[in-house]
Amino acid sequence: MTVPTAPVEEEEAKPKEGFWPPTETGLGIIAAILGIIMTILPFLPSFVKAIGLTFVLVWGADSVRKTSRYGLGTGVPSIGVLAVGYGVIGAIAGMGIANVGGDFTIGGVEVLNVGVLGGVAIAALIGYISGIFSNSEKFISMKIPGLERGMTELGVAGTLAFLLESSMVAGTLKLDAVLEDVFLSGAIAFMFVMSAIGMFHPFNACLGPDEDRGRTLLLSFEISGLICIILGIVSIALEAEWLGSLGLLNAALLILYGIVVWVVFYAKFVRRSFEASYEVVGTGLIKTVK
Amino acid sequence: MDPITALLILVCVIVGGLLASLGVHMIPVGGAPAAMGTATGIATGTVQLMFGAALTGLFTASTVATFFPTPKPDEIVGIPLILVALSGAVGAMLMLSFTMLFANMLYVFGAGVVPVSGRVEVDPITKEPQAPYKTPQTDGHGVPNVSYISGWIGAFLGGFGGALMYFVLKNYAFPAYLFPELRAVDAETVSAAAAGIAAAGIFVANAILSAYNIGGTIEGFHDPKFKRLPKALISCAVVSALCGLCVIIASWGLMGGGA
């Protein structure tokens, strides 16, 4: 004999009222401030700059998300590649300005470099102007709300990402030194592709009816971890001499930071996906974590 | 920095950007519908196609550019410029031709559809009828003759523009003699890498703005969307000019500032 049980009322899972995810503007302000502080202080060790890089890439991914939500017509990757296109131009211009002025050197170590911010400003201007052209009725007329702001943010995020990556490998922001380190080794091509992937891949992979902003941005964290691992290996290969005897330690800490970020955020992302799904059934090929 | 050199860089970057934009409007891009065989064009995005073609063009152009010595700061060279730009155009054409050919083979032998245009009743070049071969409810299939020829011209223009930017940036914005402390081979490599990445960045920006103008898919110059071209050209000219300004600033900084 079975006893009828009262139907259990399932509680609606409330979205967590925590720090994550911050509002779009909040994330932009946090990432911009962190990114700019880490960029203008080239003497910081690589793994500290990597924190700035992580936030800048997450900011870029958020901007890609809010502009691509309405449908671009050409696929999400296009706007991420646009961001690195502007980013590489802005970064070269900024480092060119840094080459002639705006830096303060104490005892042979470049402590502060504000010249690069000129390049950031130019990239923001290019992004804003192309946003106006893209949205204007008289020109491309894409009619996407907030495209001007999105493209400006993408230009700034792309530029900051390139500047941070270059200074992580070369330890300086002067164009001649960066060209001889980052460009000669070919690391720039890797940066070009991976920065774009860090920005466009999260939304490109997660878009759809059940897209969740907090979960999408976790993917961007994970990709920034991958970038840090490989940049650490590049630093070792280039014998990152800019910190003197601490060069190897610096690169090792960067790799460690990358591995930790990658593992933690990959696990977080998978867990969030499992939580959002109706049921998780294993195929037997991979052990189910739940 | 020499004002004439700066002007040359600016003009060549703007011309390269405009050619990139024009090229994007002429290559047959099908996007997601073409992946299901229900629209004319190659089944991928504009960015992937044009960037792939331009990068192949940059490879051929940079190979040909190694045959010529770096010109002196105030020397304007004509023949090497044209040869390098043409070799870039040929590289881009080859890449796009193979892509279109194999896309067509997949459509014809794999999906079993006839390459046919969805926008015109009669092929404007070969005068072949199109409408009877089109599956109802679709927008054409594969890469028909007119789109193939349009794609050739587009890849030629895009590759020419990309290689033009590359040659000017390599020899006038980031020339090898700016790196005297490196070995000669390394100096050439640095110069080529900086020019290549900067040219790729400018090219991508222009190609993507043009891709937004055509809304992601186009069949070629016979497509009604081609009439939107002037709007993209104006936008690309302004954006290219700003990008050219960035490169001039970088080059000015690399040369140690000053007039």
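How many bridges join strand 1 of chain A to strand 2 of chain A, and which way do the two strands run? There are 4 bridges, and the strands, residues 103-106 and residues 109-113, run antiparallel. Keep in mind that this is a predicted model. The predictor gives the complex an ipTM of 0.90 and a pTM of 0.90.

**Confidence**
- Chain A averages a pLDDT of 85, and 90% of the residues score at least 70.
- Chain B averages a pLDDT of 89, with 99% of the residues scoring at least 70.
- One stretch to treat with care is residues 6-17 of chain A, where pLDDT stays under 50. The model has 0 contacts beyond four places in sequence for that stretch.

**Chain A at a glance**
- You'll find 9 helices and 2 strands in chain A.
- Walk along the sequence and the pattern reads α-α-α-β-β-α-α-α-α-α-α.
- Of the 290 residues in chain A, 52% are buried.
- Take the contacts in chain A between residues at least 6 apart in sequence: 71% of them join residues at least 24 apart.

**The hairpin in chain A**
- Strand 1 and strand 2 of chain A form a hairpin with 2 residues between the strands.
- A:Gly107 takes a positive phi near 60° in this hairpin.
- Across the pair, A:Thr105 stands opposite A:Glu110, which is in strand 2 of chain A.

**Two helices of chain A**
- Helix 1 of chain A covers residues 24-40, so to speak a run of 17 residues, and reaches 24 Å from its first C-alpha to its last, close to the 24 Å expected at 1.5 Å a residue.
- The buried residues of helix 1 of chain A are A:Leu27, A:Ala31, A:Gly35, A:Met38, A:Thr39 and A:Ile40.
- Those buried residues pack against helix 2 (46-68), strand 2, helix 4 and helix 5 (147-170) of chain A.
- Helix 4 of chain A (residues 116-135) has 20 residues and spans 29 Å from its first C-alpha to its last, close to the 28 Å expected at 1.5 Å a residue.
- Because 14 of its 20 residues are buried, helix 4 of chain A is largely enclosed by the rest of the structure.

**Out at A:Val281**
- Look for A:Val281 in the segment after helix 9 (247-276) of chain A.
- A:Val281 counts as exposed because it has 8 other C-beta atoms within 10 Å, and the cut-off for exposed is 12 or fewer.
- The C-alpha atoms of A:Val281 and A:Pro202 are separated by 24 Å, and these residues are 79 apart along the chain.

**Where the chains meet**
- On chain B, 41 residues are in contact with 39 residues of chain A.
- Helix 3 (46-65), helix 6 and helix 7 (229-254) of chain B are the elements that give two or more residues to the side of chain B that touches chain A.
- That side of chain B has 27 nonpolar, 12 polar and 2 charged residues.

**The largest nonpolar core**
- This core has 175 residues, and A:Ile92, B:Ala198 and B:Val247 touch the most other members.
- Helix 6 of chain B (residues 184-213) gives the most to the core, with 19 residues.
- Leaving aside its neighbours within four places in sequence, B:Val247 is in contact with A:Ile92, B:Ile9, B:Val13, B:Leu169, B:Ala173 and B:Ala198.

How values were computed
Residues are numbered from 1 along each chain as its sequence is written. Chains are lettered from A and ligands numbered from 1 in the order in which they are written. This is a predicted model: local features need pLDDT of at least 70, side-chain atom pairs count only at pLDDT 80 or more; totals for chains, interfaces and linings use all residues. A nonpolar core is a set of buried Ala, Val, Leu, Ile, Met, Phe, Trp, Tyr and Cys residues joined through C-beta atoms within 7 Å. Two residues are in contact if their C-beta atoms, placed from the backbone, lie within 7 Å. The expected span of a helix is 1.5 Å times one less than its number of residues. Ala, Val, Leu, Ile, Met, Phe, Trp, Tyr, Cys and Pro count as nonpolar, Asp, Glu, Lys and Arg as charged, and the others, Gly among them, as polar. Two strands pair if DSSP finds at least two bridges between them. pLDDT is the predictor's confidence in each residue, from 0 to 100.
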